[in-house]
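Dear colleague,

I am handing over the structure we spoke about, and below it you will find what came out of a first look. Please keep it open while you read.

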Amino acid sequence: MTADPSFAIPARPRRRYPSSGGVEYEGQTIFRVDPATDHSHATLRDLVETVVADGPYRSGEFIELPMPLWLVRDDETADVFRVSIRNGQIRLHVLPATETDGLRRFYERLVAASDCAWSVACESDIA
């Protein structure tokens, strides 16, 4: 486990509103939160659902995809970000207004709710 992982956000996606409607994001920054021991997809999903249910979050699974995806709002920090599960990892997806505190607090709650160590890696495709 990384002793104190950094949740410094190197770059933020940009919102685009196409004339056809809706919203699109250009670029992405993701924090990959990886358990030190193998966890099943169902176990990771249960863990995320436990953390979200314990609060201070409002959330929803807003689209049906082949992987779980939540839009999460931390009512204490007012940070909004997406959480997904893929390839044995929990991924925290940065949105344009997401701040470090919300990501860090979600990670801390995840660690507290689990029984293993975790590592964190950040990747961004935004120049």
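Predicted model: local features only at pLDDT ≥ 70, side-chain atom pairs only at ≥ 80, totals over all residues.

Within H2, the residues Gly102, Leu103, Phe106, Tyr107 and Leu110 are buried, and because they cover an arc of only 135° around the axis, they lie on the same side of H2. The partners against which the buried residues of H2 pack include helix H1 (41–54), strand S3 (29–35) and strand S8 (118–124).

Turning to the largest nonpolar core, 25 residues belong to it, and those that touch the most other members are Val83, Ile90, Leu92, Phe106 and Trp118. At least two residues of this core come from each of S3, H1, S5, S6, S7, H2 and S8, with H1 giving the most, five residues. Leucine 92, leaving aside residues up to four places away in sequence, touches among others Phe7, Ile30, Val83, Leu103 and Phe106.

Finally, is aspartate 74 buried or exposed? Aspartate 74, which is found in strand S5 (residues 69–74), counts as buried because its relative accessibility is 0%. Beyond residues up to four places away in sequence, aspartate 74 touches Pro56, Tyr57, Asp79, Arg105 and Arg109.

With best wishes

Definitions and conventions: Residues numbered from 1 in each chain as written. Heavy atoms only, no water. Buried < 20%, exposed > 50% of the residue type's maximum accessible area, 1.4 Å probe, protein only. Helix = DSSP H or I, 4+ residues; strand = E, 2+ residues; numbered from the N terminus. Arc of directions from axis to C-beta. Contact = heavy atoms within 4.5 Å. Core = buried A, V, L, I, M, F, W, Y, C linked by side-chain atoms within 4.5 Å.
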